[in-house]
Every structure is written in C-alpha cells, then in structure tokens.
Amino acid sequence: MRIFGTEEPVVMEVNGRPLRCVVCRHDTFYKRSSILHGAAASFFNLESASPSCVCLVCSACGHIHWFLPT
Ligand SMILES: [Zn+2]
C-alpha cells in the first residue's frame, strides 16, 4: 500500500525491539508527527503541554500506531 507517495516505509524500533503492526504483523512503517487537538488532547490529559504524538502508519494495512513523545 502506497500511502505517502514516493516515501519509502522504514523498520522501526520501540524500546530496542522491532515494531510489528498489531493488526497484520507487517514490519515497516511511515513515520509522522502530529499535534493533538481537543478531545484527543483531553483524552491523554495533555491540554497544558503542547501536545504532540508520533504516528507510525503500517505500510501494509494502514493501521496507525500512536506514541507519546518520550
Ligand atoms: Zn498492518
């Protein structure tokens, strides 16, 4: 699945372990940073910080894995 034009998906690690998609077990992702707004920021209780998160989009099925910045 080509989601972001010509960008090549990459292998990602989380805490030193290779990330696999929770849906299809694929192992390459497109990386995006996003700003949380409104309800999403409230959900994560981050309204007072400048809330942002890292999105890793599975290159096979498109499932989005969200991570808070560390
Ligand atoms: Zn997937």
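The sheet here is open and has 3 strands, in the order β3-β4-β5, with antiparallel pairing. A strand is a DSSP run of E of at least two residues, numbered from the N terminus, and two strands pair if DSSP finds at least two bridges between them. This is a predicted model, where local features need pLDDT of at least 70 and side-chain atom pairs count only at pLDDT 80 or more, while totals for chains, interfaces and linings use all residues. Residues are numbered from 1 along each chain as its sequence is written, and side-chain values use heavy atoms, with hydrogens and water left out.

The zinc ion is coordinated at 2.3 Å by the SG atoms of Cys21, Cys24, Cys58 and Cys61; donors are N, O and S atoms within 2.8 Å of the metal, or 3.2 Å for Na, K and Ca, and water is not among the atoms, so sites may look incomplete. Angles of 104 to 118 degrees between the 4 donor atoms make the arrangement tetrahedral, which for four donors requires all angles between 85 and 135 degrees.

Along the chain, the donor spacing is C-x2-C-x33-C-x2-C. Cysteine 21 lies in the loop between β2 (17-18) and β3, and cysteine 61, 40 residues apart from it, in the loop between β4 and β5.

Buried or partly exposed? Cysteine 21 is buried at 0% relative accessibility, whereas cysteine 61 is partly exposed at 32%. Buried means under 20% relative accessible area, exposed over 50%, and partly exposed in between, with a 1.4 Å probe and protein chains only.

Note on methods:
Helices (H or I, at least four residues) and strands (E, at least two) are DSSP runs, numbered from the N terminus. Four donors count as tetrahedral if all angles lie between 85 and 135 degrees; four count as square planar and six as octahedral if opposite donors are over 155 degrees apart and all others between 65 and 115; anything else is irregular.
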